[in-house]
Amino acid sequence: MQLTFLGTGAAGGVPLWGCDCPICSRARIDVSAIRRPNCAMIEAGGVKLLLDAGVMDVCERFPSGSLSAILITHFHPDHVQGLFHWRWGVGELDVYAPHDAEGCADLYKYPGPLKFKHLSKFETFEVGGVRITPVPLVHSKPTLGYCIEHNGDRLAYLTDSREIPATTAEFLTQWQPHAICLDCTYPPGVEGKRNHFDLPEVFALSANYPHSEIVLMHISHSLDLWLLNHPVALNGRLSLARDGDRLDIPGIS
């Protein structure tokens, strides 16, 4: 099973409009520093699953028939805006998502070929032999993480969260994922109400899963800048994803 990061950025991305910090300035001249909206693709046994659709050109990247399904974590625009181009197409494409009465704008009203299928937490389903268990996360909209398994390889994809509920934490402990892709939007010291994890919270969470590789995503320019000034802050088991990176699961043991 392999995951490809199509985007690893927080809302606003990198470079952030109007920001002249060293990270955003670099990203305007160095494409390797760009962070597009958080989005990924899973490939396993001939199945190809898109995890969120925040990258605006996803319908161009994946022609008709190339995807098995789309998994949506939640309906904030930076995770579903790519769907708005798709809905003018023809055919059918299954889109699995949490129950959210509002959705995003008029996606429900004019879905076109998108066939929305609302999921219930911890109710496992399969797409072409890939087993997927949606798990609840705490965010500002109804949000699901996805625990994905194929031939014994296990990946937990947990974006956009300020808290791992006890039921989800218990499931992960029993399930023992080989890799966890985890929201880490903020550096240490960010005050006020937040709907995403910061780096100290991620360090604390990682201690609960000592046998899992931890890959950080949904990165803001402020975290990139903090890490630029603290280059040895990440320990050996935590790594920072970049747009275009590929993760083999189980990969590192």
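Arg36 forms a salt bridge with Asp243, with the closest N and O atoms 3.4 Å apart. The pair connects distant parts of the chain, 207 residues apart: Arg36 sits in the loop between α1 (22–27) and β2 (39–44), and Asp243 in the loop between β13 (238–240) and β14 (246–248). Arg36 counts as partly exposed because its relative accessibility is 33%. The model described here is predicted.

## Salt bridges

The structure holds 13 salt bridges in total.

| Pair | Closest N to O distance |
|---|---|
| Arg36 and Asp243 | 3.4 Å |
| Asp106 and Arg87 | 2.9 Å |

The bridge between Asp106 and Arg87 has its closest N and O atoms 2.9 Å apart. This pair, too, links distant parts of the chain: Asp106 belongs to the loop between β5 (93–98) and β6 (114–119), while Arg87 belongs to the loop between α4 (83–86) and β5, 19 residues apart. Asp106 counts as partly exposed because its relative accessibility is 28%. Arg87 has a relative accessible area of 9% and is therefore buried.

Glu201, at 28% relative accessibility, is partly exposed. Arg194 has a relative accessibility of 17%; the cut-off for buried is under 20%, so Arg194 counts as buried. Beyond these pairs, Arg35, Asp224 and Arg242 are linked in a network of salt bridges.

Strand β11 (residues 179–183) is mostly covered, with 5 of its 5 residues buried. In a regular strand the side chains alternate between the two faces of the sheet. Both faces of β11 are covered: Ala179, Cys181 and Asp183 are buried on one side, and Ile180 and Leu182 are buried on the other.

Which strands pair with β11? Strand β10 (residues 153–158) runs parallel to β11 and is joined to it by 4 bridges. Within this pairing, Leu182 of β11 is the bridge partner of Leu158. β10, helix α5 (residues 166–175) and β11 together make a right-handed β-α-β unit. Strand β12 (residues 213–217) also pairs with β11 in the parallel sense, over 5 bridges. Ile180 stands opposite Ile214 in β12. The chain passes from β11 through helix α6 (residues 199–206) to β12, and this β-α-β crossover is right-handed.

## Buried faces of α6 and α7

Which residues of α6 are buried? They are Leu199, Val202, Leu205 and Ser206. Seen down the axis of α6, the buried residues fall within an arc of 120 degrees, so they line one face of the helix. These buried residues pack against β11, β12, α7 (221–229) and β13.

In α7, the buried residues are His221, Leu223, Asp224 and Leu227. They cover an arc of only 160 degrees around the axis, which puts them on the same side of α7. The elements covering the buried residues of α7 include α1, α6 and β13. Asp224 is one of these buried residues, and it also takes part in the salt-bridge network with Arg35 and Arg242.

## The surroundings of Thr73

Thr73 is located in the loop between β4 (69–71) and α3 (77–80). Its relative accessibility is 0%, so Thr73 counts as buried. The side chain of Thr73 makes a polar contact of 2.9 Å with the side chain of His74. Leaving aside residues up to four places away in sequence, Thr73 touches Asp52, His79, Pro98, Pro142, Thr143, Leu144, Tyr146, Tyr157 and Thr159.

## Backbone geometry

Most residues other than glycine have a negative phi, and most peptide bonds are trans. The peptide bond from Val14 to Pro15 is cis, with omega near 5 degrees. Pro15 lies in the loop between β1 (2–7) and α1. Ile249 and Pro250 are also joined by a cis peptide bond, for which omega is about 15 degrees. Pro250 is placed in the segment after β14.

Positive phi values occur at Asn151, near 50 degrees, and at His218, near 55 degrees. Are these residues buried or exposed? Asn151, in the loop between β9 (143–150) and β10, is exposed, with a relative accessible area of 68%. His218, in the loop between β12 and α7, is buried, with a relative accessible area of 1%.

Technical notes: Residues are numbered from 1 along each chain as its sequence is written. This is a predicted model: local features need pLDDT of at least 70, side-chain atom pairs count only at pLDDT 80 or more; totals for chains, interfaces and linings use all residues. Side-chain values use heavy atoms; hydrogens and water are left out. Buried means under 20% relative accessible area, exposed over 50%, partly exposed in between (1.4 Å probe, protein chains only). Helices (H or I, at least four residues) and strands (E, at least two) are DSSP runs, numbered from the N terminus. Two strands pair if DSSP finds at least two bridges between them. A crossover is right-handed if, with the strands pointing away from the viewer, the path from the first strand over the helix to the second runs clockwise. A polar contact is a pair of N or O atoms within 3.5 Å; within protein, one must be able to donate a hydrogen and the other to accept it, and residues adjacent in sequence count only if both atoms are side-chain atoms. Contact means heavy atoms within 4.5 Å. A salt bridge is a side-chain nitrogen of Lys or Arg within 4 Å of a carboxyl oxygen of Asp or Glu. The arc is that of the directions from the helix axis to the C-beta atoms.
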